[in-house]
Amino acid sequence: MSKIVNKTQEILKNKINEAFELAVKNGELPKAEVPEFIIEVPANKANGDYSSNAAMAGARSFRKAPRMIAESLVKYIDLTDTLFERVEIAGAGFLNFFLSQRFFGEILKDVIACGDDYGKSDYGQGKRVLVEFVSANPTGPMHIGNARGGAIGDCLASVLDWAGFDVSREFYVNDAGNQIEKFATSLEVRYLQHFDSSVEMPEDAYHGQDITDHAETFIAENGDKYVNTSSEERRKALVDFALPKNIEGLERDLGRYRITYDKWFRESSLHNDGSVERVIEALKEKGVTYEMDGALWFKASQFGNDKDIVLIRANGLPTYIVPDIAYHYNKLVTRGFDKAIDVLGADHHGYIARMKAALTALGLDASRLDIVIMQMVRLVRDGETIKLSKRSGKAITLNTLIDEVPLDAARFFFNLREPNSHFDFDLELAAKQSSENPVYYVQYAHARICSILKKAQEQGIDLRTPSDDELALLSSEEERDLIRHLASLTGEVVSAAKAYDPAKITHYVIELATLFHKFYNAHRVIVDDEGLMAARLYLCKAVRDTIKNILEMLKITAPQTM
């Protein structure tokens, strides 16, 4: 939270504790241990700016009615030289505290002084966090689900960074296993079909145009060279040709989406460096495996799973879970991240329990792995849902999405709902330039403030720092509500980091824009009273800077004109 907010709450807690001590010392309360109590912002502003349950919490310790305890506390709470002007008792004994006008001026000074860093904190204490997201199979272009995962994962990483964590972004490239085998089959069939139309494509293969395009490009370079070679040689040549192009395309398309990864980690490296074999041996040594029907099984049921898991099939090949276990072991042990966060699709619920069971069996603290489950997206146009089908090749890709709607809207819209909620992406609304479009609404607030400040400068008005007395003139309900909201940004960032929910930040900035528009519609900024004008211009600057900080955190532009 804001330095001022943090300090104010600490002072308030100390004042309440001092009041308990004085009440005991003067015989108004019996000697007892001061209980833990909370200080919070009440939902209803009529109940003050802060409220505490200290008297209620002390009822058992001090063997008195909360109201009587509250009366004693109020008698001894000294608010002199604080940013509070009074305290009142409400209901059965709640303590409601009201801030003085000076608090609001201090908040604005804090916003301006912090500049680009306003909203940041040291909550995470520099702990190393690896956020893995998108990690789409490199067998074709990214679809709409990857677009949501990209926006959520990237913005979550930014939120964690602002909350004081040392954050790395990572893409896990599935360049081994069943998906690559299916990719090879699809390429091989399209290649052979060019020379013999009777070759049939399996139903479960990839039917997208991208597969045909790869095969035709390969033919342009190699002709019929691989028609009569072994299938193994042909498949390897096709994958070695097409896969790097797909991975390059993923990196290019995600870059266009304003996502840059610190590392592209290849699954194949875990097979090549022996990590997969080592994790199997480690599980064997822990005594948590057994053989049955020619396969090697993991005793996952001993670790809370409903059934055991096959690690090595009867044909000697590892199942997909083995390199995934090795990958997470690499994250948490080999590279030593304090926390690994995966952003995964809704079909991965069962995966969470399996992965945590394996990590626990290996002796790791499974709570160091957190998985954010992301629900499906529906694209809507004219009130109708657009049908998607990846297998038929008719899926809307990330690229086609950001060709149709502004990039700012795409990133903002995908963070309008918490990840584990279904989301309807309205293509028409995302492209609309009106207050109905939430990202346009926020950007317009920023542009409006830039226009106000520019107009003031053109009139020769000095955008100076107002005095404390001038800042105290910002006493209307609209002004105080706006400043209260500014004061809550850092706390909201921490809350979003704790919940792994970047949507808290989009909601915050929409509310900030709403409160600014409400203030602007109620009060003129450029007025005859120079002191009041200086204060209101200063308030506008603080709001502008805060909106800009948040939009930049989300990698969304903050236009000066619209």
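E470 is buried, at a relative accessible area of 16%, where buried means under 20%, exposed means over 50% and partly exposed is in between, with a 1.4 Å probe and protein chains only. Before going on, the basis: this is a predicted model, in which local features need pLDDT of at least 70, side-chain atom pairs count only at pLDDT 80 or more, and totals for chains, interfaces and linings use all residues. Residues are numbered from 1 along each chain as its sequence is written, and side-chain values use heavy atoms, with hydrogens and water left out.

Back to E470. This residue sits in helix α18, residues 468-471; helices here are DSSP runs of H or I with at least four residues, strands are runs of E with at least two, and both are numbered from the N terminus. What does E470 form with R464? A salt bridge, with the closest N and O atoms 2.9 Å apart. By salt bridge I mean a side-chain nitrogen of Lys or Arg within 4 Å of a carboxyl oxygen of Asp or Glu.

The whole structure has 35 of them. One is between the side chains of R335 and E170, at 2.7 Å from N to O. That pair links distant parts of the chain, 165 residues apart: R335 is in the loop between α12 (321-334) and β11 (339-345), and E170 is in strand β6, residues 166-173. E170 counts as buried because its relative accessible area is 1%. R335, at 22%, is partly exposed.

A second case is K236 with D240, where the N to O distance is 2.6 Å. How many residues apart are K236 and D240 in helix α9? Four, which is about one turn of that helix, residues 231-256. K236 is exposed at 54% relative accessibility, while D240 is partly exposed at 44%.

There is also a network of salt bridges, linking K45, D49, E477, D481 and R484.

E18, E21, D78 and D81 form a negative surface patch. Patch residues have over 30% relative accessible area and no salt bridge, with like charges joined within 9 Å and nonpolar side chains (Val, Leu, Ile, Met, Phe, Trp, Tyr) within 5 Å. Where is D81? D81 lies in the loop between α4 (66-76) and β3 (84-90). Its relative accessibility is 74%, so D81 counts as exposed.

Definitions and conventions
Areas by Shrake-Rupley, 256 points an atom, 1.4 Å probe, with all protein chains shown as cover. Lys, Arg positive; Asp, Glu negative; His and termini not counted. Charge placed at Lys NZ, Arg CZ, Asp CG, Glu CD.
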